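Here is a friendly walk through one protein model, written for someone who likes to check geometry for themselves. Have a look at the structure first, and then we can go through some of its details together.

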Amino acid sequence: MLSLTKGRETIMSAVLKGPFGQVDLGPTPLTIGRTPGNQLVLAEPKVSSHHAEIRPQGQDYAIVDLGSTNGTFVNDQRLASNVPSMLRTGDTIVIGDTRITYEVPGSAGTEPTVFAGSRQGSGPSYTPTVAAPFPPNTGYGADAQQPGAYQPPPPPPAGYEQASYPPSSPYYGTPVAGYGEGAQPGAYQSPPPVAPGYGPSGYAQAASYPGAPAPAAPPTQRPNRRRLWTILGAVLGVVVIALIIFGVIGYVNRSTPTKTLNAFCTALKGADYQTAYNQLSSGLQSKVGSEGVFAAGYASNGGLGKITNCTVTTVNDGAGTGTINYTFAQGNALVVDYSLGDENGSSKIFRTQPHSSPTLTLSNYCGELKAGDYQSAYKELSSTAQSQETEAQFAANFSNNKVNNCTVSNVNDAAGTGTINYSLANGVSLVADYTLVNENGTWKIKSEQVRSTPTLTLNTFCNSLKTGDYQTAYNQLSAREQSLGTEAQFAASLTSNMVTACTVSNVNDTAGTGTISYTFADGATSIIDYTLIMENGTWKIDSGKQRA
């Protein structure tokens, strides 16, 4: 038996057979999937990007499902994900719609059935029975003895007589007196055996009768050409009609930009992200990322929520372009233009171009802050907003207060306004209102106004004290509290024993109360309960009581 050597192990050689031909298995694992990075590529919608793997195990091979969406089957049994299953010669593997046979050359197996007329192996062949064609049956002249011509009946056995008839006459014919030796008038004579000189019908030729002329030979029958052409024309007509029908069916079922965009829209509405992902070209899939990344993005859509509705419009199948209008769970709308092209006989999405809108800008801004992509988020700001802080300052601000989650709401695309609700890594929740402006056809964030809350004020006060920014901390105090001392006196009281750490807790944004626990440079600790009031739309610290 042939074998492969891997280190000190000997592995039986084996092959995979399927619609792709034959693939030899070697000492290294064979990956199977839809993307070009696999050793065996099955370009089917039901096949995952990295679907399964066949690897050497001992002296045999085992197949492992790599967590595929639609599963891997061996002999109609679905395999558990990431659990190796040993293969045996003759096993049938099903991946997607592809059936693959695993074979070990030289292993014993059942001999195939031998059919008549075939030569399989070294056994004898059997010639199938063939019906012999019937020759033309003219019944005349020399054709009388050809197969299919009428043959005269054999002579009756000796001593046989038909009832009520006298002995037979040596001649055929009607009972005519005076003809034939021993003829008896009025009696029907039984026919004798066929003898030389008899015609093809078995009756005596006219020449047997003295003075009778020889009968004229009938004309030779010729094929009916008109009938032949009629049959050929009918067959040709059926073939043409069949070709037309198949052509129409193929044309109707062909892949088009309209069908692709409708499938993409329907899949996104139904949260069927695998089907939606399969409408993208391989190049766009590489740019978007894995199917999992694609699904996660469309599940939140940058804080807009899931897609609740979409409509395909202005499709040009010839140019490969079209537009989809989306509506999201938060009530926001978005318009995206698509460019499509042919890839392996199917229409695929090659490029997407969303129409710029406040909804799109705020959605991108939210998503980029969650991902920590501060460079892209900074580019969503208008030139006026960018002039107020550098990209480095912008990034540093959000690095210290990382956004864990955010949701876009209340967007008015016509007025250029919207709101984002933030959850920060330090546990603080913020609500910011945005105003946007159209710059060169693109909507940009012009200004941000964070809504004041007791939570925000206390966290700002705590963080300012830790960083020594006493001016910002002083601005969190109410007018009454500021009247008790100047900003310089406030700063001096804290400089001598700086705050090294602080934690905000027990905040009630409705009641305007909260607590801050402090740790000072000398190691001392303190807990102060604060009461806040609203001044000119902003929450300010009005009093604090230190716990004993």
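Which residues does glutamate 368 touch, not counting residues up to four places away in sequence? In this predicted model, the contacts of glutamate 368 are Asp373, Ser376, Ala377 and Glu380. Glutamate 368 itself is part of helix α6, which spans residues 358–371. Glutamate 368 is buried but takes part in no salt bridge.

**The overall picture**

Let us step back for a moment. The protein holds 13 helices and 25 strands. Among its 548 residues, 32% count as buried. If you take the contacts with a separation of 6 or more, 41% of them come from residues 24 or more positions apart.

**A sheet with a helix packed on it**

Four strands make an open sheet in the order β18-β19-β20-β21, with antiparallel pairing. At its edges are β18 (403–412) and β21 (442–450), each of which pairs on one side only. From one strand to the next, the twist averages 30°. Helix α6 packs on this sheet and touches β18, β19 (417–424), β20 and β21. The direction of α6 makes about 175° with that of β18.

Within the sheet, β20 (residues 429–439) and β21 are joined in the antiparallel sense over 8 bridges. Threonine 435 is placed opposite serine 447 of β21.

**Helix α9 and its two faces**

Which residues of helix α9 are buried? In this helix, residues 391–400, they are Phe394, Ala395 and Phe398. These three sit on the same side of α9, because the arc they cover around the axis is only 95°. The face of α9 turned away from the buried side carries the exposed residues Ala392 and Asn400. The cover over the buried residues of α9 includes α6, α7 (374–378) and β18.

| Strands | Pairing | Turn |
|---|---|---|
| β22 (residues 499–508) and β23 (residues 513–520) | antiparallel, 7 bridges | 4 residues between the strands; glycine 512, positive phi of about 75° |
| β14 (residues 307–316) and β15 (residues 321–328) | antiparallel, 7 bridges | 4 residues between the strands; glycine 320, positive phi of about 70° |

Asparagine 508 has threonine 513 in β23 as its bridge partner. For asparagine 316, the bridge partner is threonine 321 in β15.

**Two asparagines with positive phi**

As background, most residues other than glycine have a negative phi. Asparagine 344, however, has a phi near 55°, a positive value. Asparagine 344 lies in the loop between β16 (333–343) and β17 (346–354). Is asparagine 344 buried or exposed? With a relative accessible area of 74%, asparagine 344 is exposed, because the cut-off for that class is over 50%.

Asparagine 536 likewise has a positive phi, near 55°. The loop that holds asparagine 536 runs between β24 (525–535) and β25 (538–546). Its relative accessibility is 83%, so asparagine 536 counts as exposed.

**A buried alanine**

The last stop is alanine 52, which is in strand β7 (residues 52–57). The relative accessible area of alanine 52 is 0%, so this residue is buried. What surrounds alanine 52, leaving aside its neighbours within four places in sequence? Its contacts are Leu30, Thr31, Ile32, Val64, Asp65, Leu66, Thr72 and Ile95. The C-alpha atom of alanine 52 is separated by 7.1 Å from that of isoleucine 63, which is 11 residues apart from alanine 52 along the chain.

Note on methods
Residues numbered from 1 in each chain as written. Predicted model: local features only at pLDDT ≥ 70, side-chain atom pairs only at ≥ 80, totals over all residues. Heavy atoms only, no water. Buried < 20%, exposed > 50% of the residue type's maximum accessible area, 1.4 Å probe, protein only. Lys, Arg positive; Asp, Glu negative; His and termini not counted. Salt bridge = Lys/Arg side-chain N within 4 Å of Asp/Glu carboxyl O. Contact = heavy atoms within 4.5 Å. Pairing = 2+ DSSP bridges. Axes fitted to C-alpha atoms, helices over the stretch in contact; angles between N-to-C directions. Arc of directions from axis to C-beta.
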